[in-house]
Amino acid sequence: MWELIYALLSIGIFFNLLASVGLLRFPDVYTRLHAGTKCTTFGSIFIALAVIAYGLWKWYEGDKTMISLAIHAFFALIAILLTNPTGAHAIARAAYRSGVKPAKAVIDELGGEKND
Amino acid sequence: MLVSIGATILCFIIWLLFTFNGSIWQWDEITAGIIFSIIAGAITEKVAIKEYRSLSPKKWLYLIAYLPRFFYEMAKANFDMAYRVITGKIKPGIVKLSPGLKNNLSITILANSITLTPGTLSVDVDEAGNLYVHWINVKPEFFEEKDIKCKCRYVCSTFPDWARRIGE
Amino acid sequence: MLETGFGYWDAIAWIVAFIVICIVVYIIRGFGKREHRKEAEEPFFSGVELPDEKVHVKASNIYWGFIESMKGYYDVMKKMHDGIINNYISWFIFIAVLLLIILFAPEVIP
Amino acid sequence: MNDETNDGRMSIIVRTIATMMLPFILIFSFYVIMHGHLTPGGGFQGGAIAASAIVMMIAAYGHKMMEKRISEDGLSMVESVGAAIFAVVAFIGVIMAASFMYNFLVGTPLFGETPPFGSNPGILNSGGVLPILNIAVGMKVIGGLAAVVLIMALAGDKEGDKK
Amino acid sequence: MIWNVPFITVALLIAIGLYAVMFKRNLIKIAIGITIIESGVNLFLITLGYRKGGVAPIYTNLPSGVTPQQMVLPVPQALTLTSIVIGVAVLALMLSFIMKMYQHNKSLDSHSRRLKG
Amino acid sequence: MQICLLNISRLGKEDRRMNPFMIALVLLSISILIAMIRAILGPTIPDRVVGLDTVNTLVIASMLVFGAAKKEIIYIDVAIVYALLSYITTVLIAKYLEGGKI
Amino acid sequence: MSWEVKKMISLFGIALIILSVFTIIPAIIAVVMKDLLACVIALAIMSLLLSLYFYLLHAPDVAIAEAGVGACITTALFIIAIRATQRYEVEK
Amino acid sequence: MIYNEAIPAILIGLPLLAAFITPIINLASRKARNAFVIAVLAIEELLIILLAWHVFTDGIVIYTMGAKNPGIVPLQAAVPIRIVLEIDGMAAFMGLISCTVAMAAGIYSISFIKEGNGKSRYYTLLLIMLAGMLGMEFTGDLFNLFVFLEILSIASCGLIAYRQHADAVEGAFKYLVVSNIAALFVLFAIALFYAQYDLLNIAAIAKVMQYTQLDKIALVLLVAAFAMKCGSVPMHFWAPDSYSTAPAAITAMLVAASQASLYALFRVCFTLYGSLMDYQTIGLAIIIFGLLSMFIGVTMALPQKDIKRLMAYHAISQTGYMLLGVGVGLYLLGSSDFNVYGIKAMEGGIFHIINHAMYKGLLFLTAGAIYYRLGTRNLNEMGGLGHTMKFTSIFFIIGALAIAGIPPFNGFASKLLIYEACYKVSPILSIVAMLVSVLTLASFIKVFHSAFMGPKMHDVKDVKEVPKSMLVGMAVLTFVIIFFGLFPGWVVSHIVHPAVMALVDKTAYINAVMGG
C-alpha cells in the first residue's frame, strides 16, 4: 500500500515542481497561467488522491474515523477543481483588460474584436 | 424556489458527508443538518441570482461519464505541459471560438474544461457565448478551416457536445 | 479638614474668612468719599479718553509679548508638534528604547 | 470597457461558479460554527468564512446588486441580535444564582452531555452554553464583517465616481 | 539554534513593521506595517505555546497513548485568536479613516495633515 | 547580560521517522519557494497574482499532506477553508484589475 | 555537516526554516514596493504562509481564523481602500 | 443577598447588553432609546457607588467568571484558571470616575448630538466605551486588560470620528494608529510573562515574579505603552489632535479613558512589579515624565487659538501632576520617608485624578456648548458670550478656577498636597508645579476673556442658552466639583486614602486571589 502512496505523491510533487519551474521559465502571463493552473491542479489532485488512499487504507485496517480523512480530502479536491480554472480565467481576463498583451503571439483575435 | 430546494438538499448531503465519522449519524447531527441546510438554502435563495437550473439525474450521469474522459485529457495536457516547460517551445496566440452554447452552466463547464486541457486557456467570454482562448501552440491548419464546428475541434476536441449534454 | 502633612486646609473656614474679609473691605470702601467719582468726568487712571466703540482683544493677541520673548523655545516646540504620524510613533519607540537602555545600563556598564 | 464591467459584474464563468459555491461555503461555515466545541473552528472562524462567501458574491455580482438583496441595516440587525444573545446568555448565569457566564445548560437535554475525553468522534449535543455562544458569535461576525465590507464598498464607490 | 528560528522570524517581522510605520509616508503603508507587526506578535504567541512532540489541543482529538500534558498549550492559541479578531476590527476602522482622509485631503501622504502645533 | 530565548522555548527535536508525507511537505515547500520568486519578481500585477494563485494551491496541498502525516482528521478542514477562500482573493484582485467596482 | 548539527535537524525543522524565509520575504516586499496593489498581494502571501506556519505549530484553530481573515477579508478591505484612493505610492 | 455579589459582573455586562439592545429599541422610538440609555447609565452609577462602599468598608472584592460560587477563586493546580475580576480600593475609585463622567456625557449627548441615522450607534459605542473602561479597571487578568484596552480604543476612535469632519477623522486615525501599536506592545509583554510563568493572572504573576531580563523588557514595554496612552510628554502628540476634534461629550469620556490607562500604569508599577522593581529608576522616570508633561503641556496651551486644543494641552499638563505625585510616592516607596510624606504625595496624585476628570470633563462640556451655539472652536471668532449664555459661563468659571487651583475648589486641595509633599523631596519640583499652576490660570483667563467677556460680537448675536439636558450634564460635574472642594478632608480620608493604601499594599492584592 505504501508503494501506491509513494507513487501518487511523487507524481503530484513532480507536477507541482514542474508548475513552479514553468512559472519561472515562460515569457508572459498567459503562458505562465498555463503552467500554474494545469500542473498545480493535476499535482494537487494526485496529492489529494494519496491522502484519500491513505485514509481509506487506514479505514480498511480498522481505524473507523479515518474514513472522514478521506471524505474531507475529497471535498478539498473538489474545491480545488472548481476554483482553480475559474481563478485562472479571472486572472487572464483581468490581465487582458488591464492591457497586458500576449508576448510573441502569432494571432490575437480578441484584440481585433475589442478595438473596433 | 426550486433552486433553493435543490440547494437545501445538496447542503444536507454535504453536511452528512462532513459529519460522517465511521459510524451511523446521531439524531442531533441530523437535526442540526436539516436546520442549517434550510438556513443555507434560504440565504442562497435571498442572495444568489438564479441563473442556473437544478440538475436532473440524467445530467448527473452524463457528468460522471464525462469525468474519465476529462481526466485523460488532463493527463495528456500535463505531459504536454512538461514537454513545453522543459524544451521551451511555444507558439502562442488568442483565438475566437463560437461553440454555440446558450446556457451559463454549459459555458462555464466548457470554459473550465478548456482551461484544464492541453495547451489552452479560456481568457474571455462575451454575452453571446463566444469564447476567446489562449492557445499555447497555434496550429496553422486552424486558420484554413472555415467551419465553426470544426474549428472548435482543433482546440477542444468534443467538449462542446459534452457541455451541452450536461448543462442544457 | 484636610491634613497635608504640615498643616491643615479647610474650605469652609476659608470661605467664612473670605466672606468676612469681603465684608470688611466693603465696609472700608464705604468710608470713602462718594462725591469723587461723580465729579470726575475724565478717566481717573489714564490720561487718554476711552474710545466710544467697544474693542474686543482677539485671542491670538493676548500674551503676544510672552510668546515673542520665548520665541526660541516655541520654535523648538512647533517643530516637535508637527502633526506627522510617523514622528509620533518614532517618539514612542525612542522613549521605549531609552527606558530599555536606562534599565539595562547598570548591568552592561558595571 | 463594455457595460458589463461598469455594472460591477464579472464574467459569466466567475458568476456561475460563485453561485455554485455559495451554498457549499455556507454549509461549511455552519459546520465550523456548530462543531466549534468539537473540532477546530468556532463562532469567529465560521462567521468569517460565511462573510467571505458574501464578499465573494459582492465581488462577482457587484455591490449595487447585492445591496438590494442584503441591506446593511439587515446585517447590522443580525449583528446586534447576535451580540444581545451572547450578553443575555451570559446574564442568565447571574439570574440563576450562579456567576456571570455560568454554564447553566450542563445536565439538561439541550447540549447537556459531556463528551468523553480522548480520541472520539464527539457528540454534537454537548458543551452546555458553548454552542449557543458560538452561534451568537457567528451571527455577530457574519453581520459585522459583511456589513463592513459592503459599507466600505459603497463609500469607495462614491469616491471612484467623483474621480 | 535551529529551534530559535521562529523567534528570529518574529523579531524580523516586528522590525520590518516598525520600519514601515516609522519611515513610510504613505498611509496605506502604515496600515500594512501595523498588520505585519500584529502577525509577528501572533506568531510569537503561537510559538510560545508549542511543545515538542505535541498534538493539537482539541478536546475530542487526543490520540490514545498521549497524555493531556503533551498537548500544545491552548491558552496562547485563544489569545492569538482574540488578537486576530481585534486586528481585523482595527484594520477595517483604519482603512475607512484613510478613505475619508483621502476624500478630504486628496492625498495619501502623512505630511499633508491638518492638525499641528 | 544574556537574554536567551531558548529558556522559554518549548520547541525541540521532533519525531525523525521518515514519513513519506513529511518528505512531500519539504519538497512542496521548495516548490512554494520557486513559485514565490515569480510572485516577487513578476513585472506586472497579473504575474504576481499567478504566483499567488500557485502558492495558494501548493499550500493547500501541503496542508493535506501534513494532516495525513500527523493522522489528524481535523487538520484537513483548514485545507478546505483555504481551498474555498483563496479563490476569493484571486477574484477580488482580478476584479480590481478589470476596473470594476468592488 | 557535522554530526551534532545533523542530529538537530529534522524534516520538521527544515520546513520551519523554509517557512520563516517565506514569511519574511513577502513582508519586506510589502513594505518596499511602490505599487500598493503588489504590496497587498505580498501581504496576502505572507498571511497565507503564516497560516501554514500556525498549522505546522499545531494550531489549526488559529490557522482557520488566519485563513478566513487574511486570505479574504483583509485583502478585500485593502483593495477597496486602494480603489477608493490611489494605487501608487508617491514619494516626494 | 446573592445579587449583591454579582455587582462587578453586572457593571461590565450591563453596558454591553444595553449597547446591543439600543439599536433594537431605536426601531420603536427615539425617546425610549434616550430614556433607556440614561436609565442604564444611572443604574451603573448607583451600582458603582454600592460597590465602592462595599470595597471601602470590607476590603477587596473578588468575582470569578463562570464559577458556581463566584466569590471564591478556584485554585486548580495552585493557579487560578478562570477569568477573575478583582476590585480593590483603587479600582473602585477609578470606577467611580468612569461612571460619573459617562453619566454626565450621556445626559449631555441627548441634545448635543443631533438626531440622525447614526445616533443609536453613537450610544452603542458610548456604552461599549464605558464597559471597556470599567473592564480595564476591574480585571484581575492581564490578557483581559489588553482586550478591554483595545475595546476602549476602538470604540473611542469610532466616536471621535463620529461627525466625519476632516479634522475629526484625522484625529481618530492618529489615535488609532498610536494606541494600536501601544496595545501590540502590551500584548508582547503579556506573551513574555506567559512564556516564563504560564500565568495570566496579575496577582499570580506578581507572586512568582523573579525580575529576570525578560521581565525587565516587559516592564519597559508596559510602562512606555501605558504612559503613552495616558498622554505623557513626549508621547502626548496624539492627545491634542484627538481631544480637540472629538464631540465634546466624547472628549470628556476620553479624559476618563486616559485616566484608566494611568490606572493601568500604576497597577503595573505597584502591584505587578512592586518591591522587585528598582523604585528609584522607574520612579525618577515617572517624575521626569510628569515634569515634562506639566511644563510642555501648559506652555503649548498658551498660544493656542482653538479652545478645545488649548484644553487638551491642559489635560496633558494636569496628567503631569498625577504622574508627579505618584512618581514621588514610587520614588520614596520602601524608604523610611514614605510614611511621612510619600503617602501624602500619592494621595495628592490620586486625588488629582478624580478632580481632573471632573473639572476637565466640565470644561470640555462647556467648550462643546459654545461649539453647539457658534459652530466654531476658534477663539478669535468668539466674544461676549457671557451676556447670553449665563449658566454656561458660570460653569466655565467654576471649572477654570478649579483647574487653576484657586481655593475653595477641588483643584486646590489636591495641588496643595502635591506641592507640600514634593517640596520635601526637592523644592524644584514644587516650584515647577506652582509655576505651571500660574500659567494655567493665565491661559484660562485668556479663554474667559476672549469667549465670554467683551462686547457682543456682531456675528454671534442670536446666541441663546444651550438646551436643558446639556445644562444638567454640566451641572452634575459642577456639583461634584463643589462638593469635593468643600469637603476635601472627608473625600481624602474616605475615598482617596483607601485607594492609595490598596495601591501600595501589594500583598493584600495577591493574597485575595492566591490565598494567605
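Which residue of chain H forms a salt bridge with Asp73(D)? The partner is Arg121(H), and the closest N and O atoms of the pair are 4.0 Å apart. The model is predicted.

Helix α5 of chain D, residues 72-95, gives the most to the side that touches chain H, with 12 residues. In total, 19 residues of chain D are in contact with 21 residues of chain H. The two chains bury about 1,500 Å² between them. Carbon and sulfur atoms carry 72% of that area. On the chain D side, Phe91(D), Ser99(D) and Phe100(D) lose the most area to chain H. Together these residues account for 30% of what that side buries.

Chain H also meets chain C. Among the 17 pairs of chains that touch, C and H have the most contacts. Here 43 residues of chain C are in contact with 64 residues of chain H. The buried area is about 4,700 Å², with 79% of it on carbon and sulfur atoms. His56(C), Phe92(C) and Leu103(C) lose the most area on the chain C side, together 15% of what that side buries.

Chains C and H have 8 residue pairs in polar contact, both residues at pLDDT 80 or more. Several elements of chain C each supply at least two residues to the side that touches chain H: β1 (2-3), α1 (11-30), α3 (64-69), α4 (71-80) and α5 (85-108). The largest share, 14 residues, comes from α5(C).

Some chains stay apart. Chains C and D do not touch, and their nearest C-alpha atoms are 23 Å apart. No contact joins chains A and E either; their closest C-alpha atoms lie 11 Å apart.

Now to the rings. The structure holds 57 aromatic pairs over all chains. One of them joins Phe66(F) and Tyr75(F): the centres are 6.1 Å apart and the planes meet at 15 degrees, so the pair is stacked. Phe66(F) has 0% relative accessibility and counts as buried. Tyr75(F) is buried as well, with a relative accessible area of 0%.

Phe396(H) lies in helix α15 (residues 390-403) and Phe448(H) in helix α17 (residues 427-451), so the pair ties together parts that are 52 residues apart in sequence. Phe448(H) is partly exposed, because its relative accessible area is 22%.

One aromatic cluster draws on chains A, B and D. It is formed by Phe74(A), Phe75(A), Trp15(B), Phe18(B), Phe36(B), Phe24(D), Phe28(D), Phe30(D) and Tyr31(D). Chain A also has a charge over a ring: Lys58(A) lies over the face of Trp57(A), at 4.6 Å from the ring centre.

Methods
Residues are numbered from 1 along each chain as its sequence is written. Chains are lettered from A and ligands numbered from 1 in the order in which they are written. This is a predicted model: local features need pLDDT of at least 70, side-chain atom pairs count only at pLDDT 80 or more; totals for chains, interfaces and linings use all residues. Side-chain values use heavy atoms; hydrogens and water are left out. Rings of Phe, Tyr and Trp (its six-membered ring) pair if their centres lie within 6.5 Å; planes under 30 degrees apart count as stacked, over 60 as edge-to-face and the rest as tilted. Buried means under 20% relative accessible area, exposed over 50%, partly exposed in between (1.4 Å probe, protein chains only). Helices (H or I, at least four residues) and strands (E, at least two) are DSSP runs, numbered from the N terminus. A charge sits over a ring if NZ of Lys or CZ of Arg is within 6 Å of the ring centre and within 35 degrees of the ring normal. Contact means heavy atoms within 4.5 Å. Buried area is the accessible area (1.4 Å probe) that two parts lose on being put together, summed over both. A polar contact is a pair of N or O atoms within 3.5 Å; within protein, one must be able to donate a hydrogen and the other to accept it, and residues adjacent in sequence count only if both atoms are side-chain atoms. A salt bridge is a side-chain nitrogen of Lys or Arg within 4 Å of a carboxyl oxygen of Asp or Glu.
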